[in-house]
Amino acid sequence: MNPTVCELPAAARRADSSGFPDPARDLAASDDGAQEAIFAAGCFWCVEAVFERLDGVSDVISGYAGGTADTANYEAVCTGRTNHAEVVKIVYDPQAISYGQLLKVLFAVAHDPTTLDRQGNDRGRQYRSAIFFQSEAERDVAAAYIAQLEAARVFRNPIVTVLAPLERFYRAETYHQDYAIRNPGQPYIAGVAAPKVDKLEHKFTEYLRK
């Protein structure tokens, strides 16, 4: 079944202390089972560490999207010369958390959507900000939220997030999966991923898995 878009009245929006507005448009909740969202927001280790702590998210899988099968490997993607982005596939229950709420976490916590082909010291096209939509409804909700954030001047600089249709998701190598959980003391995880998780835990208490 194709998802449908609904307008959310203020009373239906989820409370938190992030300072970010809830999406005014969202996908209507369905009972069709688990859904998937594909986001690119820099190093997938850090993005995975954020989303796997959310209530309603059953799995987060690191991978690649945007390029072809022959270059869907870490060595090739790290050159920055493929069309792949490092992405995460988020498997979620739309009865517990919505697509729009995942977008809110993406923009508020997971990355800086105003830096082109860069997140912090990580530079290259593989680190671009992108939403790989799987339906026109997903595209419409994402585009509407970006416009909402721009109108509210949430960020000082323009949002550069790209909206692109998902052609195929390629699962990353096994050692990338759950990397932050398995390597909490690794310097990159401690310095980059951990602050994002801390922000999530302080600003999105209502979104966290109990």
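A residue counts as buried when its relative accessible area is under 20%. The model discussed here is predicted. By that cut-off, the buried residues of helix α3 are Tyr99, Gly100, Gln101, Leu102, Leu103, Lys104, Val105, Leu106, Phe107, Ala108, Val109 and Ala110. Because twelve of the twelve residues of α3 are buried, this helix is largely enclosed by the rest of the structure.

**The sheet**

Six strands make up an open sheet with mixed pairing, in the order β9-β8-β3-β5-β4-β10. Its edge strands are β9 and β10 (169–171), each of which pairs on one side only. On average, and with direction ignored, neighbouring strands of this sheet are turned by 35 degrees against each other.

| Strand pair | Residues | Bridges | Direction |
|---|---|---|---|
| β3 and β8 | β3: 35–41 | four bridges | antiparallel |
| β8 and β9 | β9: 162–165 | four bridges | parallel |
| β4 and β5 | β4: 57–65; β5: 85–92 | eight bridges | antiparallel |

Ala41 has Ser129 of β8 as its bridge partner. Ala130 is partnered by Val162 in β9. Ile61 stands opposite Lys89 in β5.

Strand β8 (residues 129–133) is mostly covered, with five of its five residues buried. The cover extends to both faces of β8: Ser129, Ile131 and Phe133 are buried on one side, and Ala130 and Phe132 are buried on the other.

**Helices on the sheet**

Which strands does α4 lie across? Helix α4 lies across β3, β8 and β9, and runs at about 150 degrees to β8. Helix α1 also packs on the sheet, where α1 touches β3, β4 and β5. The direction of α1 makes about 165 degrees with that of β4.

**Helix pairs**

Two packed helices are described by the angle between their axes and the distance between the axes.

Helix α3 (residues 99–110) packs against helix α4 (residues 136–151) at an angle of about 45 degrees, and their axes are 10 Å apart. The two helices are therefore oblique to each other. The crossing in which α3 passes α4 is right-handed. On the α3 side the contact is made by Tyr99, Leu103, Lys104 and Phe107, and on the α4 side by Glu138, Val141, Ala142, Tyr145, Ile146 and Leu149. By class, the contact of α3 with α4 comprises eight nonpolar, no polar and two charged residues.

Helix α1 (residues 44–51) and helix α6 (residues 187–203) have axes that come within 9 Å of each other and cross at roughly 30 degrees. This angle is under 35 degrees, so α1 is roughly parallel to α6. Their crossing is right-handed. From α1, the residues Trp45, Cys46, Ala49 and Val50 meet Tyr188, Ile189, Val192, Ala193, Lys196, Val197 and Leu200 of α6. The residues of the contact of α1 with α6 divide into ten nonpolar, no polar and one charged.

An α-helix has 3.6 residues a turn, so residues three or four places apart point the same way.

Note on methods: Residues are numbered from 1 along each chain as its sequence is written. This is a predicted model: local features need pLDDT of at least 70, side-chain atom pairs count only at pLDDT 80 or more; totals for chains, interfaces and linings use all residues. Side-chain values use heavy atoms; hydrogens and water are left out. Axes are lines fitted to C-alpha atoms, for helices over the stretch in contact, and angles run from 0 to 180 degrees between N-to-C directions. Angles under 35 degrees count as roughly parallel, over 145 as roughly antiparallel, 65 to 115 as roughly perpendicular and the rest as oblique. A crossing is left-handed if the near helix is turned anticlockwise from the far one by less than a right angle, and right-handed if clockwise. Contact means heavy atoms within 4.5 Å. Ala, Val, Leu, Ile, Met, Phe, Trp, Tyr, Cys and Pro count as nonpolar, Asp, Glu, Lys and Arg as charged, and the others, Gly among them, as polar. Buried means under 20% relative accessible area, exposed over 50%, partly exposed in between (1.4 Å probe, protein chains only). Two strands pair if DSSP finds at least two bridges between them.
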